[in-house]
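Me: I am new to this structure. Please walk me through how its parts meet, in short questions and answers.

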Amino acid sequence: MSSITADLTTQTTKSPRERLARWFFFACAAISIVVTIGIVVVLVLGALKFFRSTGVALGMAPGDTVTLSSYLFEGQWTPGSEPQQFGLLAPLSATVMLMLGSAIIALPLGLAAAIYLSEYASDRMRSVLKPALEILAGVPTVVYGFFALVYITPLLDQLVPLGVGTFNMVSACIVVGIMIIPMVTSISEDAMNAVPDSLRQAGYGLGATKFDVSTSIVVPSAISGIASSYILALSRAIGETMAVAIAAGSQSTVMNPLNPVAYFSPNSPITAQMIQLATGDISAQGAAYHAMFALGLTLFVITLAMNIVSELISSRYREVYR
Amino acid sequence: MATEHADTTTAVSRTRGVVFRYVLLVATLSALASLGLLLANVAVDAFDPLSADPSWYLIYLCTLVVPSLLVGWGLRRHELLVGGIEALFVPIGGLFGAGALFLLFEVIPFNVWFAWAVGIAVPAAIWLLTTIAGTSGRVRAGLTLGVGAVALIGLPLPGVSTTGAVGLLTMGVPAYIQRRVYTIPNYYLTYLLTLAVPIALLVGHQLRKRVSFTAGLTGTGLVVIASLAVLFQTVVYTYVALVLVLLVLVPTAWYCYTQWHDHPADRLQFAFPVTVLIGAGLGRIAVWVLSISGPNSWVDLQFLQDAPTRYAESAGLNPALVGSLLLMVVVIATSFPLGVGAAVYLEEYAPDNGFTRLIQLNISNLAGVPSVVYGLLGLGLFINLGGMSGESISLFGQTITLQGMPTGSVLVGGMAISLLILPIVIISSQEAIRSVPESLRQASFGMGATRWQTVKHVVLPRSVPGILTGTILAVGRAVGETAPLIMVLAASYSSSPPAGLLDKATALPLQVYSWAFEPDPAFRHGVLAAGVVVMIVVLLVINSIAIIVRNKYEAKQQ
């Protein structure tokens with residue numbers, strides 16, 4: 001006892017030990033800011049060296065770099081062969097295809113699962129289904145890539161009349177879609193659970209069936225949460241790397257994302273192109289090396305924008321119930 | 001109620017509602033079913049169950065499956081099945097622990113292991129002695145830290161002789177033993193001294209606390225006898241047998257003893273593990289006597305022990321296992337303290353101002369950054385130092401050449417991955433800390449405790465289960481991460497196990513990725529599937545550890 005009281009009298013808020021603890025914990029929290037700054041600095045520095053106008057100013061050889069406009073508006077992506085061309089439109093079109101394709105799988109299934117879990121499932125059913133759905137997000141992405149390449153592609157090859165190639169977008173879209181279902185489901189279900197029961201009771205009081213209540217009351221009331229879950233899930237799909245790097249091939253060409261036939265051919269999105277560049281034979285000073293950073297910056301900006309939009313939607317248009 | 005009335009008056013149909021309900025159910029289950037089908041495909045490819053003799057299945061059905069099901073069903077009626085299954089997990093967990101230890105022994109040569117164990121024993125002994133002597137906490141900590149530092153690193157005195165007792169002081173114990181002691185014991189003796197002795201003492205100490213001094217002495221004696229008895233078998237290497245005895249036999253015996261003693265009413269639950277073990281043993285003997293061939297599985301001991309080769313039959317993933325283990329060590333060592341520290345700051349210390357909100361927003365945004373970008377961060381920051389690597393700067397009149405960390409090393413890969421999982425660790429730790437009732441903090445402050453004392457004695461002990469569960473789940477995610485590793489490796493990965501933290505990394509998902517492009521069907525449907533199975537098993541083990549930790553602490557806190 002005496003040692004405890006002695007401890008208490010010697011230690012106040014201003015004691016060195018208290019200050020040390022406070023500064024240690026603060027430093028840990030500040031690391032997250034440092035990481036963000038680190039990401040931005042590394043990506044921007046690498047991308048600046050990639051573009052001709054800034055690359056020359058930073059002491060890079062002009063032949064090794066591209067202009068910003070040719071990066072943004074041209075559609076030839078050939079980092080491995082002469083002449084090296086870096087047109088973002090090719091990998092970007094593949095990324096859009098990946099986003100649309102996985103959205104067709106994940107958005108309806110994820111929303112249906114959310115409605116089922118929130119409105120229809122018994123407690124027992126929910127306690128089984130919710131963790132089971134989370135498993136879908138827990139399987140490593142490289143395993144999903146293996147599924148797409150070894151099992152789904154041969155299956156599609158038999159089902160599709162014209163056949164599909166060894167590498168194709170559709171199998172990648174299917175596995176990425178399955179992977180992001182839990183994201184849609186968990187956030188949408190949270191939003192539906194936040195809809196107060198009084199609204200449902202009012203619906204039943206007016207003579208509505210469970211179907212009417214679910215589709216006409218719960219879903220519209222939770223629409224901001226559902227929308228934000230969609231955007232978050234799609235930003236996850238865009239950032240998805242290994243499954244597409246394995247299943248979608250290594251070449252990027254400009255394709256029309258709205259053309260269903262295009263999905264049967266290979267097309268490598270931004271993330272897979274980065275892996276392609278990293279595993280290729282590149283030197284640390286070449287244009288291909290810095291192209292990784294330009295692609296990374298593009299990806300970072302797109303996903304960050306989507307995350308912020310999702311955040312804004314869920315906070316600004318959140319219906320406040322009391 | 002209202003619907004029944006509506007049914008009779010208007011054209012509201014029940015069919016639509018029922019159809020809708022089942023459409024929803026089918027949609028929910030379809031994703032799960034597709035994953036299940038894919039996993040079943042992997043299992044068929046990896047284990048090749050059709051290659052087994054039908055009588056093989058018949059034997060195991062008779063000896064293992066049917067008796068286990070019958071006993072399990074019987075125990076279930078007495079609600080003892082859960083305890084029985086839990087008992088079965090102790091030896092299985094011990095086997096995985098022994099496997100992890102063997103992988104670790106591949107990285108650390110036994111003489112280095114021995115040297116460091118002796119070095120660590122010095123401060124541990126000081127701490128024990130001061131505890132027994134009853135010195136105050138400050139003196140004990142000072143003595144342990146001071147003597148420990150000298151024992152492990154030594155005193156850096158330039159020009160002083162490095163031989164004899166003086167050498168022991170200047171070099172520290174581990175370095176001294178590695179350089180000056182020429183009679184280092186063999187594998188078996190090293191592990192006997194460094195593993196068996198502490199475990200025997202621990203068992204004795206626990207038994208002395210529970211029962212009596214004589215019981216403690218008996219327990220220690222039994223462990224020592226079991227450790228020495230492995231010398232008389234010729235089936236496996238003696239050190240392998242020793243590790244198996246210490247990590248499988250001793251914990252199982254301890255678990256059985258405590259359960260048998262503490263829960264006399266539940267003793268029947270041991271019927272289940274005993275049935276399973278005896279059934280498996282009988283089946284094995286029957287298969288061996290009748291020489292029936294089992295399934296020609298791709299996942300076998302050879303697969304776990306060998307390095308990857310160009311031939312499917314001899315390919316293995318041992319280096320990848322070692323690499324993943326080392327990566328896990330780096331990830332835990334860096335992300336756990338940082339993540340918990342940040343969570344403590346945000347929940348306990350942070351004032352409610354703009355900067356705190358900025359950190360919070362920033363953390364949730366970091367969680368959404370694609371993993372491949374973290375790889376670029378590792379590449380650009382740790383290896384190229386933001387483009388500054390190889391350049392010279394002058395600082396205080398001295399010219400320093402900046403040098404990034406070696407490309408593709410375990411350390412860089414692990415650090416990139418731990419930055420990736422840091423937001424997950426922070427967010428889950430925050431939730432755990434938030435769940436500690438405010439009244440406990442107020443009570444602690446009311447007794448005059450400072451904030452740090454409250455955090456140390458009240459908040460952290462209460463939130464440990466949540467923090468550990470969240471961290472272990474995040475580590476599970478880290479094991480499957482591939483993209484950051486590929487980015488920092490930059491096309492140069494090795495097929496031999498890493499010899500240390502600065503050596504070239506290799507990891508389970510990297511091995512799977514590189515096998516994915518082998519055109520040979522034996523690779524595609526055999527080796528690759530086996531690699532995926534091993535990876536999924538590792539993930540399952542990590543996630544079950546998280547569940548066990550949570551259940552154990554929850555039971556304790558109630």
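Reply: Start with one term. Contact means heavy atoms within 4.5 Å. Note also that this is a predicted model.

Me: How many residues of chain A are in contact with chain B?
Reply: The cut-off just given decides who counts. On the chain B side, 83 residues take part. Facing them, the number from chain A is 82 residues.

Me: What area do chain A and chain B bury between them?
Reply: Carbon and sulfur atoms give 77% of that area. The total for chain A and chain B is about 7000 Å².

Me: Which side chains form the salt bridge between chain A and chain B?
Reply: The rule finds 1 salt bridge across this interface. A salt bridge needs nitrogen and carboxyl oxygen within 4 Å. Here the N to O distance is 3.4 Å. The partners are B:Arg16 and A:Asp212.

Me: Which helix of chain A gives the largest share of the side that touches chain B?
Reply: Between the chains there are also 7 residue pairs in polar contact, both residues at pLDDT 80 or more. On the chain A side, one element supplies 19 residues, the largest share. That element is helix 2 of chain A.

Me: How many residues of that side of chain A are nonpolar?
Reply: The side of chain A that touches chain B has 20 polar and 8 charged residues. The nonpolar residues number 54.

Me: Within chain A, what distance separates the centres of domain 1 and domain 2?
Reply: Domain 1 of chain A covers 2-70, and domain 2 covers 85-316. Their centres are taken over C-alpha atoms. The separation is 31 Å.

Me: What area is buried between domain 1 and domain 2 of chain A?
Reply: The contact takes 14 residues from domain 1 and 12 residues from domain 2. Across it the rule finds 0 salt bridges. Carbon and sulfur atoms make up 80% of the buried area. The area is about 1100 Å².

Me: Which helix gives the most to the side of domain 1 of chain A that touches domain 2?
Reply: That side divides into 10 nonpolar, 2 polar and 2 charged residues. The helix that gives the most supplies 9 residues. It spans residues 16-50 and is helix 2 of chain A.

Me: In chain B, which residues of domain 1 lose the most area to domain 3?
Reply: Domain 1 of chain B is 17-50 and domain 3 is 312-557. Between them about 430 Å² is buried. Three residues together give 76% of what the domain 1 side buries. They are B:Val42, B:Asp45 and B:Ala46.

Technical notes. Residues numbered from 1 in each chain as written. Chains lettered and ligands numbered in written order. Predicted model: local features only at pLDDT ≥ 70, side-chain atom pairs only at ≥ 80, totals over all residues. Heavy atoms only, no water. Domains from an automatic or database assignment. Buried area = accessible area lost by both parts, 1.4 Å probe. Helix = DSSP H or I, 4+ residues; strand = E, 2+ residues; numbered from the N terminus. Nonpolar A, V, L, I, M, F, W, Y, C, P; charged D, E, K, R; others polar. Polar contact = N/O pair within 3.5 Å; in protein donor to acceptor, adjacent residues only side chain to side chain.
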